[in-house]
Amino acid sequence: MNRKNNSYFFSCITLIMLFACKHNENEYHSLTDKIEAESKQFEGVSISSERYIGDIKTIEITEDNHTFLIPDRKSQITSYACTECHSKPVEELKGVALKKAHWDVVLEHANQEIMNCSTCHNGNDMDNLQSLTGKTIDFNRSYQLCAQCHSSQFEDWKGGAHGKNIGGWAKPRAAMTCVNCHNPHKPKILSRWPSRFNTQKVKERD
């Protein structure tokens with residue numbers, strides 16, 4: 001096929017493709033075209049997560065290049081500040097004839113031979129947590145404790161792939177922390193029976 005015939009051939013193919021394309025409503029050349037076209041109806045509409053955050057008190061954190069809101073942990077702990085009771089070192093409080101404190105706390109987190117209360121709590125500074133290296137960690141940033149052992153989950157959480165985002169991906173981004181879904185002393189999610197089929201509601205709808 002010479003150059004002239006070759007040019008004519010490709011011109012014909014182009015014309016066929018142009019006329020073969022569907023330009024009817026809701027029919028697009030690609031997924032990107034569809035997203036762009038159908039997104040126009042939302043231009044100027046501001047979707048915010050604030051309505052979903054509601055009255056949850058939040059703080060802003062930055063981890064690596066991720067900045068987002070998390071619930072204020074201290075305001076969720078009814079007995080905080082801990083020094084209201086822990087006015088003396090733990091060793092001195094042990095002998096005090098008082099009702100046993102934290103009676104409902106059962107530690108089922110890793111092996112008890114390698115993990116106990118002092119792994120995360122500093123007996124001399126009960127208003128803060130402590131890392132494995134003895135670094136002070138604020139209760140509002142307790143996720144930093146979890147990150148020491150659960151590094152892959154921590155990376156996923158920062159990016160939004162692990163845990164619960166409040167209001168989806170609407171701005172400002174807000175996310176629950178580890179302790180909002182996991183009991184820090186007993187983090188395993190327990191199995192539950194599935195919800196029963198509500199036959200009464202079915203009867204009411206008939």
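Biologist: Where does alanine 81 lie?

Modeller: Alanine 81 belongs to the loop between strand E2 (66-71) and helix H4 (90-93). Helices (H or I, at least four residues) and strands (E, at least two) are DSSP runs, numbered from the N terminus. This is a predicted model, in which local features need pLDDT of at least 70 and side-chain atom pairs count only at pLDDT 80 or more, while totals for chains, interfaces and linings use all residues. Residues are numbered from 1 along each chain as its sequence is written, and side-chain values use heavy atoms, with hydrogens and water left out.

Biologist: What joins tyrosine 80 and alanine 81?

Modeller: A cis peptide bond with omega of about 10 degrees joins them. The bond from lysine 171 to proline 172 is also cis, with omega near -10 degrees. Proline 172 is found in the loop between strand E5 (165-166) and strand E6 (174-175). Most peptide bonds are trans.

Biologist: Why is threonine 119 called buried?

Modeller: Buried means under 20% relative accessible area, exposed over 50%, and partly exposed in between (1.4 Å probe, protein chains only). Threonine 119 has a relative accessible area of 18%, and is therefore buried. This residue lies in helix H5 (residues 117-120). A polar atom of the side chain of threonine 119 lies 2.9 Å from the backbone nitrogen of asparagine 116.

Biologist: Why is aspartate 64 called exposed?

Modeller: The relative accessibility of aspartate 64 is 56%, so this residue counts as exposed. Aspartate 64 sits in the loop between strand E1 (58-63) and E2. Its phi is positive, about 55 degrees, although aspartate 64 is not a glycine.

Biologist: Why is cysteine 181 called partly exposed?

Modeller: Its relative accessibility is 42%, so cysteine 181 counts as partly exposed.

Biologist: How many aromatic pairs does the structure hold?

Modeller: The structure holds 5 aromatic pairs. Among them, the pair of tyrosine 143 and phenylalanine 154 is stacked, because the ring centres are 6.1 Å apart and the planes are at 15 degrees. Rings of Phe, Tyr and Trp (its six-membered ring) pair if their centres lie within 6.5 Å; planes under 30 degrees apart count as stacked, over 60 as edge-to-face and the rest as tilted. Tyrosine 143 lies in helix H6 (residues 143-147) and phenylalanine 154 in helix H7 (residues 151-159), so the pair ties together parts that are 11 residues apart in sequence.

Biologist: What makes the pair of tyrosine 143 and tryptophan 157 tilted?

Modeller: The planes stand at 40 degrees and the centres are 4.9 Å apart, so the pair is tilted. Tyrosine 143 is buried, with a relative accessible area of 1%, and tryptophan 157 is buried too. Phe68, Tyr143, Phe154 and Trp157 form one aromatic cluster.

Technical notes
Polar contact = N/O pair within 3.5 Å; in protein donor to acceptor, adjacent residues only side chain to side chain.
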